[in-house]
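Dear colleague,

Please find the structure below. My notes on it follow.

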Amino acid sequence: AQIRYSIPEELTRGAFVGNIAKDLGTDVAKLAAANLQVLSDSDSQYFSVNVNTGVIMVSERIDREQLCGQNPRCFLHLKLAIENPVEFYRIEVEILDINDNPPEFPSDEVSLRIYELASLGARFPIQPAQDPDVGTNTLQTYHLSANDNFNLNVKARTDGGKFPELVLEQALDREFRAFHYLVLTAEDGGSPPQSSKIRITIQVLDANDNHPVFDRPSYGARLVENSPLGTLVVKLNATDVDEGPNGDIRYSLSSHNSAALRQIFAIDEQSGEIRVQGNLDFEEATVYEIEVEAKDMGSPTMEEHCSVVVEITDVNDNAPEVILTSFSSSLSEDALPGTVVAVIHVKDRDSGEQGKVLCHVSPDLPFQLRKDYEHQYSLLTSTRLDRERVAYYNVTVSASDLGNPPLSRHIILPITVIDVNDNAPQFEQASYEVLVAENNPVGSVLVTVSAADPDSEQNSRLSYSILRAGGTDPGLDPTRYLSIHPTSGQVTAKFPFDYEQTTYLQFHVEVSDGGSPALRNRTLVHVFIVDQNDNAPRVHFPRAGEDSATQFRISPSIVPPALITKVVAIDADSGRNAWLSYHLVEATDLGLFSVALRSGEVRIMRALQETDASAHELLVVVRDAGEPPLSTAVTLVVLVEEKGPEALQGSEARAADGGGLPTITLYLIVSLVLISTVSLAGLAALGVRCL
C-alpha cells in the first residue's frame with residue numbers, strides 16, 4: 001500500500017504529518033504489538049512515528065531547496081515495516097515550498113559603459129536575479145526606476161528563467177549627462193512578496209566620427225610578472241566610419257613611449273594585439289602606460305590615440321632578505337632577561353602581503369624576537385641563561401613572507417655563553433670517615449677528598465686546604481699531623497699515629513675555586529685511629545727486676561685454696577689487644593699451684609706434704625689477645641718456712657700489699673669504662689651529625 005502526505009518545508013520538530021493508523025485503518029494497539037519500524041531512503045531521519053498513537057511527526061528541519069533544488073516537486077519516501085505477518089507500507093511525503101527565499105542578484109551593483117552614438121533600440125543585458133523557491137514563490141517580475149533614456153525588457157526562456165535587458169529608447173549625449181544611475185528591482189510572487197535590488201551605473205562614452213575610434217578610450221590589462229614572451233596583453237579595436245582606404249586602420253606605438261618600454265612591448269599593426277617581448281619585473285615597474293596610435297590610410301592621414309595601462313601583478317618570487325645590523329656573539333650567563341643580542345633588518349622586494357615579512361625563533365630557546373618597527377627586529381634573551389646547562393646556542397632566525405606559497409630565509413646566529421663564577425664547588429660527600437691503623441707510614445695517603453665545580457676555566461680550578469674542626473681538642477691541630485695536596489685533594493700523614501696518644505681526629509677540608517671572588521665549600525673528615533697490638537703486657541705487681549724473681553713465703557700448714565699472691569699486669573693497647581690472660585707455664589710442682597686465667601690469682605691447690613720441696617719456682621706468663629699475641633713473663637719463688645712472729649709479720653705485710661691489688665684492678669676497670677664511654681659518645685655524635 002502507498003500513502004501520500006503533503007507538508008510545507010521548515011516545520012518545527014514534532015509537527016504533525018499524518019496518522020498512519022487511521023489512514024491504514026489499523027488499530028493503534030495492533031501497530032504497537034507488530035513492532036512497527038520506520039525506514040527512510042535518505043541518510044537523514046526526517047520523520048518519526050509514535051507507535052502508541054500512530055502519528056508521524058517531523059524529527060529534523062526540512063529545507064526543500066536543499067533537498068530538491070529547483071525541482072518543482074519534492075518528495076521524501078518512507079517505508080513502514082510491521083511483523084506477524086511481515087508487511088511493508090510505502091509513504092510518500094511531498095514537501096511544499098514556502099516563500100522563505102528572496103530573489104538575489106549576483107552583486108549589489110553593476111556598471112555599464114555605453115557610447116553616446118549607440119543606436120536606438122540597442123539592448124544591454126543585466127545579470128538576472130536567482131530565487132531558489134519554486135512556483136509562484138520564485139522570481140516573477142522586474143521593475144526599473146524611472147528615467148529618460150532606457151526601458152526594461154524581460155526575456156522569458158523556455159525553462160522559466162527571466163532575463164532583464166536595458167533598451168535604449170532615447171539617444172545619449174555624453175556632454176549632457178555622462179552617468180546614468182538606475183535601480184532594478186526583482187520581485188517574486190509569494191505572499192507577501194519578497195524582493196531585492198541592484199544599482200546600475202551607466203557611463204556614456206564619447207565618440208569621434210571623423211577619426212578612427214577605439215572601442216574604448218583606454219585599455220587596461222593586468223599581467224603577472226615574469227610572464228613568458230609572446231603573452232597577449234590586450235587586443236585593441238579601433239573603427240572608422242569612413243569606407244575604403246579611409247577606413248583601413250594601422251596600429252603603432254607612439255613616439256612618446258620610452259625606448260625601454262619599446263623593448264618590453266610590441267604591437268601588431270594589423271590586428272592591434274599588444275604582446276610581451278621583454279622581461280616583466282614588478283620590482284622594477286608596477287605599471288606601464290603604453291601610448292598607442294591608430295591611423296587610417298586616408299589622405300591626409302587622420303589618427304587617434306589611446307593609452308593602455310598595464311598593471312603588473314606581483315608574484316612571490318623574492319625571498320626575504322635578512323640583514324644583521326648588530327650582533328654580539330658572546331653573552332654573559334648573568335645577563336638579565338631582555339638583554340639585546342642582535343638587531344636584525346628584514347626586507348622583501350615583493351609587494352602587498354607577499355612583501356610583508358614575519359620573523360620568529362624557536363620557542364624552545366631562551367631567546368625571543370621583539371618587533372621594533374616595520375622592518376626591524378631585536379633578538380632578546382627571554383629568560384636567564386645557565387652556562388652549566390647550555391654553553392652554546394645556534395639561534396636560527398627565520399624570516400617568512402605572507403605569499404602563497406610563502407618564501408623564507410634563515411640565518412644562524414652562534415651565541416657563546418660566557419661563564420661567571422655562580423657555582424660553589426661541591427664535595428662528592430658531605431663528610432668522610434677514615435679508619436687509619438696506628439704506626440702508619442709517613443706520607444701515606446689517608447683519604448682523597450674530591451669536589452666538582454660546574455663552572456669553566458679559572459672559575460672551576462679548585463684548591464684544597466685543611467682547617468681545624470670546631471669540636472677537636474685544641475691541642476690536636478690537624479695541620480700538625482696531616483697535609484693535603486692543594487689540587488688532588490689527597491690527605492697524607494706527616495707522622496705515624498699512636499693510638500695510645502690519639503684515638504680520633506676530625507678536621508674540615510675547604511675547597512675554593514679560582515673565581516673572583518672565590519666561592520668555597522667545606523666537608524668534615526673523621527679520622528679514627530685503629531689500635532695495633534704494639535704493646536706487650538706490663539706487670540705492675542709483683543715488681544721485680546729483669547733477671548730477678550719475687551719471693552713469697554708460706555707456712556707449711558697453709559690450707560688450700562689459699563691465695564698466695566696476685567699477678568697484676570696492664571696493656572697500653574685497647575680492645576682485644578688489651579685482653580690479658582695469665583698462664584702458669586713452669587713450676588717445680590705443676591699440681592701444687594694454679595693461676596687464675598683472668599684475675600692472675602696464684603693459689604695453692606693442695607696441702608703441703610713433707611716430701612714437697614721447701615722452695616718452689618713458678619713462671620707465670622701474661623699474654624694479650626692481639627694478632628699476633630704479645631706476652632710478658634714473671635718468676636715467683638714460693639718458700640715454705642716455719643717463721644716466728646717476725647717472719648709472720650713480714651708475711652702479713654705482704655698480705656697487706658696483696659690487699660691493695662683489687663684497688664689497682666678497680667682503677668683499670670674504671671679507666672676502660674671511661675674510654676669506652678667516650679668512644680661511644682664520639683660515635684653517637686658523629687652519627688647524629690651525619691644524619
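This is a predicted model: local features need pLDDT of at least 70, side-chain atom pairs count only at pLDDT 80 or more; totals for chains, interfaces and linings use all residues.

**Notes on the model**

At a relative accessibility of 1%, L636 counts as buried.

L636 belongs to strand β49. Apart from neighbours within four places in sequence, L636 contacts P542, T550, F552, T565, V567, V602, H616, E617, L618 and V620. L680 is 44 residues from L636 in sequence, and their C-alpha atoms are 40 Å apart.

V637 is also placed in β49, which covers residues 631-640. Its relative accessible area is 15%, so V637 is buried, the cut-off being under 20%. With neighbours up to four places away set aside, the contacts of V637 are A549, T550, Q551, F552, H616 and E617. T550, F552, H616 and E617 are contacts of L636 and of V637.

**Overall form**

How does the radius of gyration of the protein stand against that of a compact globule of 691 residues? The protein has 62 Å, whereas the globule would have a value near 26 Å. The C-alpha trace spans about 185 × 95 × 35 Å along its principal axes.

The protein contains seven helices and 49 strands. Of its 691 residues, 38% are buried. Taking contacts between residues at least 6 apart in sequence, 66% join residues at least 24 apart. The accessible surface is about 37400 Å², and carbon and sulfur atoms account for 51% of that. There are 52 positive and 97 negative side chains, and the centres of these two sets are 4 Å apart.

**Record annotation**

The UniProt entry, which is unreviewed, lists "domain: Cadherin" for residues 6-105, 106-214, 215-322, 323-427, 428-539 and 546-664. One of these spans, residues 323-427, is 53% strand and 0% helix in the model, and its end C-alpha atoms are 48 Å apart.

**A buried glutamate**

Is E293 buried or exposed? E293 is buried, because its relative accessible area of 11% falls under the 20% cut-off. E293 is located in strand β22, residues 287-296. Not counting residues up to four places away in sequence, E293 touches F214, R250, Y251, S252, S254, S255, E303, E304 and H305.

**Cis peptide bonds**

Two cis peptide bonds deserve a look when you open the file. S191 and P192 are joined by one, with omega about 0°. P192 sits in the loop that runs between β13 (179-188) and β14 (195-205). F541 and P542 are joined by another, again with omega about 0°. P542 is in the loop between β41 (538-541) and β42 (550-554), and P542 is one of the residues in contact with L636.

**Positive phi and loop residues**

Which residues have a positive phi although they are not glycines? N439 is one of them, with phi about 65°; E457 is another, with phi about 50°.

N439 is in the loop between β33 (431-437) and β34 (445-448). Its relative accessible area is 44%, so N439 is partly exposed. E457 is in the loop between β35 (451-452) and β36 (463-468). E457 has a relative accessibility of 64% and therefore counts as exposed, the cut-off being over 50%.

G338 is a further loop residue, found between β25 (330-332) and β26 (340-347). With a relative accessible area of 37%, G338 is partly exposed. R480 is 142 residues from G338 along the chain, and the C-alpha atoms of the two are separated by 54 Å.

Regards

Definitions and conventions
Residues are numbered from 1 along each chain as its sequence is written. Side-chain values use heavy atoms; hydrogens and water are left out. UniProt positions are given in the numbering used here, feature names are shortened, and annotations may be inferred rather than shown by experiment. Helices (H or I, at least four residues) and strands (E, at least two) are DSSP runs, numbered from the N terminus. Buried means under 20% relative accessible area, exposed over 50%, partly exposed in between (1.4 Å probe, protein chains only). Contact means heavy atoms within 4.5 Å. The radius of gyration is taken over C-alpha atoms; the globule rule is 2.2 Å times the number of residues to the power 0.38. Accessible areas come from the Shrake-Rupley method with a 1.4 Å probe; for residues, only the protein chains shown count as cover. Lys and Arg count as positive and Asp and Glu as negative; His and the chain ends are not counted. The place of a charge is taken as NZ of Lys, CZ of Arg, CG of Asp or CD of Glu.
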